[in-house]
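Hi,

Here is the structure I promised to send over.

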Amino acid sequence: MSAENRFRYNDKSERYHTMNRFIYFAILAAWLGYIAYLWLRFGIGKMIFPMALINTLVILICIAVNTVIFLKDKATPNLKMAISIEYGVMFLVLALQTDAQFINILLLGVLAAQIPYYDSQNYRITFFSYLILYIIGVIAQFAKGMLSINVDTVCTIYVMLGVLYVLGRVGGVAKMFSDHALGTVLEQSEKQKQIMDGIISISQTVNEESNKSTEMVDELVESTKMVTHSMQEISSTTGVTAENISEQSIMTQNIQESIDETLERSRKMVNIAEDSNKSIQENMNVMEELKGQSEQIAGTNKQVTESMNRLQDKTKEVEEIADMILDISSQTDLLSLNASIESARAGEAGRGFAVVADQIRQLAEQTKNSTESITKIILELNENANQVVHSIDISLEAATSQNKMIHTAADSFEKLDKNMVNLIEDIQEIDQRINNLADANNRIVENISHLSATTEEITATAEQASNLSEQNLQFARQAKEAITSIQETAEGMKQYL
């Protein structure tokens with residue numbers, strides 16, 4: 001059965017159309033049977049011709065009326081009413097003329113044929129009308145002597161009345177069952193309609209919220225991608241910074257070794273300067289013996305000259321080391337600036353890194369200032385060394401002409417004594433500055449080690465954050481797929497509306 005014909009009889013007009021077609025052909029067959037019965041009785045001499053003819057004409061008129069009504073409107077309720085009236089009249093007429101029992105059975109058939117119409121009011125009217133007609137017919141047949149009181153007659157009448165009662169009740173019960181069934185169906189249909197309306201509303205809400213959730217998930221996916229990209233950049237940049245810090249740590253350790261070596265040589269120069277000072281003091285005390293010891297003075301002056309040359313060489317080495325420290329300080333300052341920029345890009349996660357970068361910058365500035373002071377001292381030391389060399393040259397010239405310039409030699413020795421005192425003080429000051437520089441460099445090494453550890457922690461944190469961002473991206477994609485599935489389910493529900 002096709003879908004369009006499954007519940008076609010829920011329509012009242014469809015039910016009337018089907019029942020009218022059935023009852024029309026059924027009553028047509030009954031009328032033809034009646035006509036045959038009338039002319040058979042006429043043939044055996046039990047009915048006169050006029051009566052048979054009149055009954056036949058009446059039946060033909062009933063057939064014509066039924067045909068017109070049926071052809072005009074096959075779903076009209078008037079057909080069953082006309083048939084009920086026609087057969088009731090013909091039943092009474094034949095009951096008054098004959099004792100035929102088949103007309104009683106046909107009376108029951110016409111009444112039963114009206115049950116599917118589900119018209120309780122008209123059915124009850126037809127039922128009581130047929131009951132009265134049957135009783136009248138039975139009384140008339142008893143009055144005319146067509147029936148005699150015996151067991152068969154009484155049982156037949158009892159059964160007919162019982163069947164009429166059953167058909168009456170069956171019609172009412174069928175109508176009641178039909179009404180209840182239809183009412184239940186309508187009630188369930190209304191409930192289903194309300195449920196479907198609720199489902200539609202929920203589906204629309206789910207669809208709208210799913211669209212919003214999809215948009216939010218799309219934004220979350222884009223944000224997560226941006227965070228992941230930023231974390232990867234931070235991790236890469238932090239890795240490069242860690243390599244630079246490691247390289248700077250190695251350079252700082254080399255500087256520390258150079259500082260230690262310079263410190264040791266500075267101490268040696270102090271010892272040499274002190275020895276020279278003692279020698280000059282002794283030479284001043286034995287000024288009277290200068291003539292006899294001129295050669296010894298010349299040799300001593302030569303040693304002093306060589307020491308001064310070595311001092312100039314060492315000061316040049318210190319100057320080169322100071323330049324190297326200054327260059328490293330500049331690189332450290334640049335690295336701290338880059339670290340500050342990268343920490344600013346990292347946001348809250350880079351705040352601790354920014355503090356460390358600022359401390360490194362301050363240490364670089366302190367190193368730069370100390371290096372500039374060392375450079376200044378070295379320049380002064382070079383100047384003093386030049387003066388000493390010049391004084392020694394004068395002393396050498398005085399030694400060759402000591403007889404003529406003994407007083408000039410004495411003055412030169414006094415001046416040399418003062419210069420040596422100053423030289424010792426300057427070298428001691430350089431020694432102190434180098435010690436301070438060593439301490440500062442040690443602090444730089446410690447801070448760089450701490451910075452390296454911090455950088456490694458930041459790198460690990462950045463990698464962890466990147467992994468979490470990747471997980472969030474996967475979760476966001478899964479959420480988007482789930483929302484898409486909900487939307488597809490909501491769309492699929494529309495086919496049931």
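**What I found**

The largest nonpolar core has 41 residues, and Trp31, Ile59, Tyr87 and Tyr134 touch the most other members. A nonpolar core here is a set of buried Ala, Val, Leu, Ile, Met, Phe, Trp, Tyr and Cys residues joined through side-chain atoms within 4.5 Å, where buried means under 20% relative accessible area, exposed over 50% and partly exposed in between (1.4 Å probe, protein chains only). H1, H2, H3, H4, H5 and helix H6 (151-285) each supply at least two residues of this core, with H1 giving the most, 10 residues. Helices are DSSP runs (H or I, at least four residues), numbered from the N terminus.

Before going further: this is a predicted model, with local features needing pLDDT of at least 70 and side-chain atom pairs pLDDT 80 or more, while totals for chains, interfaces and linings use all residues. Numbering runs from 1 along each chain as its sequence is written, and side-chain values use heavy atoms, without hydrogens and water.

Back to tyrosine 87: leaving aside neighbours within four places in sequence, its contacts (heavy atoms within 4.5 Å) include Ile27, Trp31, Leu106 and Tyr130. Tyr87 is also one of the buried residues in H3, and those pack against H1, H2, helix H4 (102-113) and helix H5 (120-144).

There's a second, separate core too, of 12 residues, including Leu263 and Met420.

Out in H2, leucine 60 counts as partly exposed because its relative accessibility is 42%. Just after H1, glycine 45 has a positive phi of about 85°.

Cheers
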